[in-house]
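This briefing sets out how the chain is built, beginning with a pair of facing residues and ending with the overall dimensions. Please keep the sequence and the model at hand while reading.

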Amino acid sequence: MGYECYITDSPVFVPENFREAFDTPCDIRRADPMDFEWYKGSGVPRDRHPLGGSIKFRACAACESENVLVIAAQWNVHRMNGDEYYDYELVCDDCGKFTRVSFADND
Ligand SMILES: [Zn+2]
């Protein structure tokens, strides 16, 4: 799987109305006990995200702006083989596009 990056006009990991749907910029939200711990919210700067030490958040993939907010992120290490997995989504304050990254530390 490796590293995948997509540019979209609408968010995928959060509702389209994420700015209103979340009352905090970034909090842990778990859909059910078996699900990953996702940080989701109305958006937090990359250097203030709780997973900033584990994930190197990129700039906007559409316009390379650094003026982005992290609206969703999860990070996981496989219990058996130590492989690292993460997904995250950014919104760009300059071009308004969404950048979505999925990473799997295998193959
Ligand atoms: Zn942009």
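Which residue in S5 stands opposite Ala-73? The residue is Tyr-88. This is a predicted model, in which local features need pLDDT of at least 70 and side-chain atom pairs count only at pLDDT 80 or more, while totals for chains, interfaces and linings use all residues. Residues are numbered from 1 along each chain as its sequence is written.

**Secondary structure and sheet**

- Read from the N terminus, the elements follow the order β-α-β-β-β-β-β.
- Six strands form an open sheet in the order S1-S6-S5-S4-S3-S2, and their pairing is antiparallel; two strands pair if DSSP finds at least two bridges between them.
- Strand S1 (2-8) and strand S2 (27-29) are the edge strands, each pairing on one side only.
- On average, neighbouring strands of this sheet are turned by 15 degrees against each other, direction ignored; the axes are lines fitted to C-alpha atoms, for helices over the stretch in contact, and angles run from 0 to 180 degrees between N-to-C directions.

**Strand S4 and its partners**

- Nine bridges join strand S4 (residues 68-77) to S5 in the antiparallel sense, and one of the facing pairs is Val-68 with Cys-92 in S5.
- S4 and S5 form a hairpin with six residues between them, and Gly-82 in the turn has a positive phi of about 75 degrees.
- Strand S3 (residues 38-45) pairs with S4 in the antiparallel sense over four bridges; Ala-73 in S4 is the bridge partner of Tyr-39.
- S4 is largely enclosed by the rest of the structure, because seven of its 10 residues are buried; a residue is buried if 20 or more other C-beta atoms, placed from the backbone, lie within 10 Å of its own, exposed if 12 or fewer, and partly exposed in between.

**Nonpolar core**

- The largest nonpolar core has 18 residues, and those with the most contacts inside it are Val-70, Ile-71, Tyr-88, Leu-90 and Val-91. Such a core is a set of buried Ala, Val, Leu, Ile, Met, Phe, Trp, Tyr and Cys residues joined through C-beta atoms within 7 Å.
- S4 and S5 are the elements that give two or more residues to this core, and S4 supplies the largest share, six residues.
- Leaving aside neighbours within four places in sequence, Tyr-88 is in contact with Ile-55, Phe-57, Val-70, Ala-72, Ala-73 and Val-101; contact requires C-beta atoms, placed from the backbone, within 7 Å.

**Glu-89**

- Glu-89 lies in strand S5 (residues 84-92) and counts as buried because 24 other C-beta atoms are within 10 Å.
- Beyond its neighbours within four places in sequence, Glu-89 has contacts that include Val-12, Phe-13, Ile-71, Ala-72 and Thr-99.
- In a regular strand the side chains alternate between the two faces of the sheet.

**Whole chain**

- Along its principal axes the C-alpha trace spans about 40 × 30 × 20 Å.
- Of the 107 residues, 24% count as buried.
- Among contacts between residues at least 6 apart in sequence, 53% join residues at least 24 apart.

Definitions and conventions
Two residues are in contact if their C-beta atoms, placed from the backbone, lie within 7 Å.
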